[in-house]
Amino acid sequence: MAKVNVKVCLGTTCFVMGSSNLQELLDLVPKKYGEDVDVAGSPCLGLCSIDWEFSKAPYVKVNDEVIKEATVEKVLAAIERELK
Ligand code: FES
């Protein structure tokens with residue numbers, strides 16, 4: 001099975017909009033999924049500038065899926081979908 005790749009945006013916009021809460025994913029995901037999921041913080045994913053007026057930051061990418069207004073719960077749900 002291919003690994004699921006998770007990128008938590010830690011760029012300024014996302015950070016201000018709450019991605020600091022998402023940093024627990026960097027701990028939680030490896031504990032929960034081990035080798036099956038790669039998780040890392042990332043500099044600005046370039047999504048906030050496209051969507052600034054309607055900013056849905058913080059953003060997280062799970063493989064090619066962009067999670068808007070990401071929360072720990074939403075990201076875990078997306079990981080579960082990808083692992084199926
Ligand atoms: S700061 Fe997160 S997409 Fe730009």
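User: Which residue does glutamate 65 form a salt bridge with?

Analyst: Glutamate 65 forms a salt bridge with arginine 81, and the closest N and O atoms are 2.8 Å apart, where a salt bridge is a side-chain nitrogen of Lys or Arg within 4 Å of a carboxyl oxygen of Asp or Glu. Glutamate 65 lies in strand S4 (residues 65–67) and arginine 81 in helix H4 (residues 72–83), so the pair ties together parts that are 16 residues apart in sequence. Helices (H or I, at least four residues) and strands (E, at least two) are DSSP runs, numbered from the N terminus.

User: What kind of model is this, and how are residues numbered?

Analyst: It is a predicted model, in which local features need pLDDT of at least 70 and side-chain atom pairs count only at pLDDT 80 or more, whereas totals for chains, interfaces and linings use all residues. Residues are numbered from 1 along each chain as its sequence is written, and side-chain values use heavy atoms, with hydrogens and water left out.

User: What is the mean pLDDT of the chain?

Analyst: The mean pLDDT, which is the predictor's confidence in each residue from 0 to 100, is 93 for the chain, and 95% of its residues reach 70 or more. Confidence is lowest in helix H3 (residues 47–50), with a mean of 87, and highest in S1, at 98.

User: Back to salt bridges: how many does the structure hold?

Analyst: There are two salt bridges in the structure, one of them between the side chains of lysine 3 and aspartate 38, at 3.3 Å from N to O. This pair links distant parts of the chain, since lysine 3 sits in the segment before strand S1 (4–9) and aspartate 38 in strand S2 (residues 37–42), 35 residues apart.

User: How accessible is lysine 3, and what about aspartate 38?

Analyst: Lysine 3 counts as partly exposed at 41% relative accessibility, and aspartate 38 is partly exposed at 36%. On this scale buried means under 20% relative accessible area, exposed over 50%, and partly exposed in between (1.4 Å probe, protein chains only).

User: New topic: what is the strand order in the sheet?

Analyst: The sheet is open, with four strands in the order S2-S1-S3-S4 and mixed pairing. S2 and S4 stand at the edges, each with a single partner strand, so one side of each is left without a neighbour in the sheet. Two strands pair if DSSP finds at least two bridges between them.

User: Are S1 and S2 parallel or antiparallel?

Analyst: S1 and S2 pair in the parallel sense over six bridges, with asparagine 5 opposite aspartate 38 in S2. S1 and strand S3 (residues 60–62) run antiparallel and are joined by three bridges; valine 6 stands opposite valine 62 in S3, and lysine 7 opposite lysine 61 in S3.

User: And which residues of helix H1 are buried?

Analyst: In helix H1 (residues 12–22), the buried residues are Cys14, Gly18, Ser19 and Leu22. Seen down the axis of H1, they fall within an arc of 120°, so they line one face of the helix; the arc is that of the directions from the helix axis to the C-beta atoms. On the other side of H1, Thr12, Val16 and Asn21 are exposed.

User: What covers the buried residues of H1?

Analyst: The cover includes S1, helix H2 (24–33), S3 and H4, where contact means heavy atoms within 4.5 Å.
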